[in-house]
Amino acid sequence: MSYNQEISRANPGYLIVLIDQSFSMCYPYGSAGTKAKECATAVNRVLRETVLACTDGEEIKNSCYISVIGYGKTKDAAINAFSGSLATKPMVSVSDLTENCLRVENIKRKVSDGAGGLVEIDDQFPIWIEPAAVGETPMSNGFQMASQLISQWIEEHKTSFPPVVINITDGEANSLPRAKAAAEQLSQLATDDGATLILNAHISGATDNEVILPSSVEQLPSGDSYAQFLYEISSELPPLMLERAAASGLEPSPHSKGFVYKAKLETMIQLLEIGTKAEFRG
C-alpha cells in the first residue's frame with residue numbers, strides 16, 4: 001500500500017461516483033427528501049467542493065477528472081449521469097464542470113455569525129446531476145463502465161494517485177456473482193501509487209443497525225450475505241482517508257474498510273467526504 005502521491009495538475013486524480021438509480025431510490029430518506037434526491041444533492045455538493053478546491057482566483061486548475069455513472073435508469077446498462085452539454089462526456093475535467101452546470105439554484109445556508117451563533121444566508125448551488133429512480137439494479141454494469149474509463153485514464157496517468165470509486169446504493173444488485181466479479185476486476189486496476197480504491201455506501205431509511213467503516217465481517221449483521229458482499233468488495237482505507245474519517249468524528253480502526261451499511265444521510269455524506277476531500281497541490 002502506497003497512496004502517497006500528491007494530487008496536482010501534473011499528477012491529477014480521478015473520482016468516479018456510481019449512483020444506484022433503481023426504483024427503490026424513490027422512497028423517503030433524510031429529513032424530507034427521497035434517496036434519489038438526497039443522493040443527487042450530495043453528489044452535486046461533492047462536485048461543487050471539488051471545483052472550489054481546484055479554483056485559485058480566476059484560475060481553474062484541472063487537478064482532477066470526474067465521472068458520475070448511473071445504473072438502473074436504463075435497463076441492464078450503466079450510463080453517464082451527466083446531462084445537457086456534458087451528456088456525451090463520461091469523463092470531465094474541472095473546467096468542464098465550471099462551464100457546464102445545468103442550472104444554479106438559490107439555497108439557504110447557515111454559517112457562523114462570529115459570536116457563537118448561526119445566521120442564514122443565501123447561497124448559489126450549481127446542479128449537474130438530476131435525481132432518478134426507475135428500473136432495477138444492474139450494479140455489475142456500473143463497475144464494468146468504471147473499469148473501462150479507468151483503464152483509459154491510467155494509460156496517461158501512471159504516476160497519479162489511484163482512482164477513487166464511490167458506489168451509492170440502497171438495494172441488492174441484480175446478480176451478486178456478476179457484480180462481485182466486476183468489482184474485483186476494477187480493484188485490480190492500479191497506478192504506480194496503488195490500486196483503485198472502492199468505497200461503498202449502502203443507504204437506508206431505517207434508523208438502527210447502522211454499520212460504519214467495519215474492519216471485520218463480525219461487525220456485520222449475522223447471516224446478511226448482501227452486507228458481506230459489499231464488505232468484501234470494499235477497499236481498506238489508506239492512512240490519509242483514515243485521518244479524514246477521524247477528523248470527521250468517526251472512529252475508524254487501522255484496517256477499516258470504506259464501507260457503510262444501512263447508512264443514514266449524515267453517514268453517507270461523511271463517507272463521500274472521506275473519499276473525495278483531497279488536497280490539491282496546484
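User: Why is Pro28 called exposed?

Analyst: In this predicted model, Pro28 has a relative accessible area of 62%, and the label requires a value over 50%, so Pro28 counts as exposed. Pro28 belongs to strand β2, residues 28–29.

User: How do you know that Pro28 is in contact with Gly205, leaving aside its neighbours within four places in sequence?

Analyst: A contact requires heavy atoms within 4.5 Å, and Gly205 is among the residues that meet this for Pro28, together with Gly33, Thr34 and Lys35. The C-alpha atoms of Pro28 and Gly205 are 6.7 Å apart, although 177 residues separate the two in sequence.

User: Why does Ile69 count as buried?

Analyst: Buried means under 20% relative accessible area, and Ile69 has 0%, so the label applies. Ile69 sits in strand β6, residues 64–71, and, once neighbours within four places in sequence are set aside, its contacts include Ile16, Val17, Leu18 and Ile19 as well as Gly142, Met145, Ala146 and Leu149. Gly30, which is 39 residues from Ile69 along the chain, has its C-alpha atom 22 Å from that of Ile69.

User: What makes Asp170 buried?

Analyst: Its relative accessible area is 10%, which is to be set against the limit of under 20%, and Asp170 is therefore classed as buried. Asp170 is placed in the loop between β11 (164–169) and α4 (176–187), where, beyond its neighbours within four places in sequence, it is in contact with residues including Asp20, Ser22, His202 and Ile203.

User: Why is the approach of the side chain of Asp170 to the side chain of Lys35 called a polar contact?

Analyst: The two side chains come to 3.0 Å, and a polar contact is a pair of N or O atoms within 3.5 Å, one able to donate a hydrogen and the other to accept it, so the pair of Asp170 and Lys35 is named in this way.

User: What makes Lys262 and Glu273 partly exposed?

Analyst: Partly exposed is the class between the buried limit of 20% and the exposed limit of 50%; Lys262, at 24%, falls into it, and Glu273, at 35%, does so too. Lys262 lies in strand β16, residues 259–263, and has a positive phi near 55 degrees although it is a residue other than glycine. Glu273 is placed in helix α7, residues 265–276, with its C-alpha atom 18 Å from that of Pro254, which is 19 residues away in sequence.

User: Why is Tyr3 called buried?

Analyst: Its relative accessible area of 10% is set against the limit of under 20%, so Tyr3 is buried. Tyr3 lies in the segment before β1 (13–20) and, while not a glycine, has a positive phi of about 55 degrees.

User: What covers the buried residues of α5?

Analyst: The cover includes α3 (139–156), β11, α4, β14 (197–203) and β16. The buried residues of helix α5 (225–233) are Tyr226, Ala227, Phe229, Leu230, Tyr231 and Ile233.

User: How do you know that the radius of gyration of the chain agrees with that of a compact globule?

Analyst: A compact globule of 282 residues would have a radius of gyration near 19 Å, and the chain has 18 Å, so the two agree. The C-alpha atoms fill a box of roughly 50 × 45 × 40 Å along the principal axes, and 50% of the 282 residues count as buried. Among contacts with a separation of 6 or more, 76% come from residues 24 or more positions apart. The chain contains 7 helices and 16 strands.

Note on methods
Residues numbered from 1 in each chain as written. Predicted model: local features only at pLDDT ≥ 70, side-chain atom pairs only at ≥ 80, totals over all residues. Heavy atoms only, no water. Helix = DSSP H or I, 4+ residues; strand = E, 2+ residues; numbered from the N terminus. Buried < 20%, exposed > 50% of the residue type's maximum accessible area, 1.4 Å probe, protein only. Rg over C-alpha atoms; globule rule 2.2 N^0.38 Å.
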